[in-house]
Amino acid sequence: MTSNSILILAAGEGTRMKSDLPKVLHSLAGKALVEHVLDAVAPLGGAVGIVLGRGAERVKERLSGRKGLAFFIQKERRGSGDAVRPAARWLASRGGSVLVLCGDAPLVRTESLRALTRVHRREKNAATLLTAEVPDPAGYGRIRRGPDGRPAAIVEQRDASVEEQSIREINSGTYCFRIRDLLEGLRRLRPNNAKGEYYLTDVIGFLVGRSRSVGALRLSDGDEILGVNNRRELAEAGRRINGRLLDRLMDAGVTVVDPATTFVEESVRVGRDTVIEPQTFLAGATRIGRNCRIGPMTRLQDCVVADGVRLEASFGEGARVESGARVGPFSRLRPGAVIGRDAHVGNFVEIKKTRLGAGAKVNHLSYLGDATVGPQVNVGAGVITCNYDGVQKHRTVIGRGAFIGSNVNLVAPLRVGAGAVVGAGSTLTRDVPAQALALERAPAVVKRGWAKSKRTRKSSPSHG
Ligand code: UD1
Ligand code: CA
């Protein structure tokens, strides 16, 4: 059998992360580290095995939506070579070659994996390494090349001589192995190194010593080799992934004003000629249409935004904004908010489970929850839907073209008919028919001269 096999090593302790969360579950651009690796290998086809250790149950649970993964458990962390052992029988039964990757290297690209496999096949190697020359090789295994220019061994940082430490070609931790040779090499591993671990990298020296052919594909761009071992590297990997995602948007005709302060997740789609202003975060299943202006200072999670929308300094989650609408600055759209065509939502307005009709306006300081607001309705400053009675939520329905004056409390359940007017300051507990005026207001008391005489009384000298 020569079908593709892929093995991801993810059982490391992740000690340097100083975290309660298994390292490979730390998230970058909305996906766990290991999910980035799984997504990179998915297009290759083939069976995928994954070796887990600490927190295996949590990792399995996170990956439960993915079909056909074979899980292996490394009980004790004894090195990357030891990590392959739990999968040895699986590998033996599959035969052919296996692509081995680290679960903590999220930037690896599918094209590089394809190229690596091609070199491996073409040269009929026992092992083929993915390497790169980097300016700062600290922490990585170095590739020692023999007089023939081919890899002779991988030397880990801690075990490297001063001379070897100056080698800038590093091991990515991604390899292709002929399974037979890999399994043979694993049996010969000894923990004779600074860490006292069984190093997978020692299999290379072993194979070379047996005159098996070992090759390497050296990447010109070391970018994708970054392994995440600590939080600084996590942040660095995040920056690079984000940079790639923003490049993809820009290549598709989106303007990103400041890539350094704009963050997107892979699942996000943005239409051409949309401008993304600085300090904007687009996450989850967010879809943005064409010719929009999003940001600055905006965060959208799972929002659908149609064409020509202006959304400034606002937060949205699970909301839909129809074409031509204006939102913000300082609006909050919560799940179930639907902002109709050309509608306006202004500053300090919160909208939840509410449909705002086309051309409706809620411009200042309002809360609309569990409401249906018809087209062209004007909602004045400070209007609140009192949707919750402490036990249950109730709906408010406002008909087309109604006018709700400032500072009105709409006590739900409540219906305001089309074209009705509700006077400012009312606390409305009864339905209002179409075209009616509703007013709930205590009569004002006005006493002429009262204020002035009070002041005079106060300032006159006391005789007491
Ligand atoms: C490893 C390589 C190094 C390479 C670097 C690339 C070894 C000995 N060294 O170093 O040459 O430059 O990756 O990022 O392999 N793992 C287990 N079980 C263990 C130990 C490790 O599953 O007992 C897994 C880890 O989860 C990780 C991978 O093996 O995915 C590498 O282990 P790690 O400890 O991160 O090795 P590095 O020091 O980064
Ligand atoms: Ca690592």
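Me: Which side chain meets Arg 150 in a salt bridge?
Reply: This is a predicted model. In it, the side chain of Arg 150 forms a salt bridge with that of Glu 123, at 3.4 Å from N to O. Arg 150 sits in the loop between β8 and β9, and Glu 123 in the loop between α5 and β7, 27 residues apart.

Me: Is Glu 123 buried or partly exposed?
Reply: Glu 123 is partly exposed, because its relative accessible area is 32%. Arg 150 also counts as partly exposed, at 28%.

Me: How many salt bridges does the count come to?
Reply: The count comes to 31 salt bridges. One of them joins Arg 218 and Glu 133 at 3.0 Å, N to O. Arg 218 lies in strand β11 and Glu 133 in strand β7, so this pair ties together parts that are 85 residues apart in sequence.

Me: Changing topic: which residues are the protein donors of the calcium ion?
Reply: The donors are Asp 104 (OD) and Asn 229 (OD1), which lie 2.5 Å from the calcium ion (ligand 2). They belong to two separate loops, so the pair ties together parts that are 125 residues apart in sequence.

Me: And why does Asp 104 count as buried?
Reply: Its relative accessible area is 15%, and buried means under 20%. Asn 229 is buried as well, at 17%.

Me: What about the largest pocket: how much space lies in it?
Reply: The largest pocket holds about 1100 Å³ of space. Its lining has 41 residues, and those closest to the centre include Asp 104 and Asn 229.

Me: Which element gives the most to that lining?
Reply: β10 does, with four residues.

Conventions
Residues are numbered from 1 along each chain as its sequence is written. Chains are lettered from A and ligands numbered from 1 in the order in which they are written. This is a predicted model: local features need pLDDT of at least 70, side-chain atom pairs count only at pLDDT 80 or more; totals for chains, interfaces and linings use all residues. Side-chain values use heavy atoms; hydrogens and water are left out. On a 1 Å grid over the protein atoms alone, a cavity is a set of points where a 1.4 Å probe fits but cannot get out, and a pocket is an open set with protein on both sides within 12 Å along at least five of seven lines; lining residues have an atom within 4 Å of a point. Grid points are joined across faces, edges and corners, and a volume is the space filled by probe spheres set on the points. Donors are N, O and S atoms within 2.8 Å of the metal (3.2 Å for Na, K and Ca); water is not among the atoms, so sites may look incomplete. Buried means under 20% relative accessible area, exposed over 50%, partly exposed in between (1.4 Å probe, protein chains only). A salt bridge is a side-chain nitrogen of Lys or Arg within 4 Å of a carboxyl oxygen of Asp or Glu.
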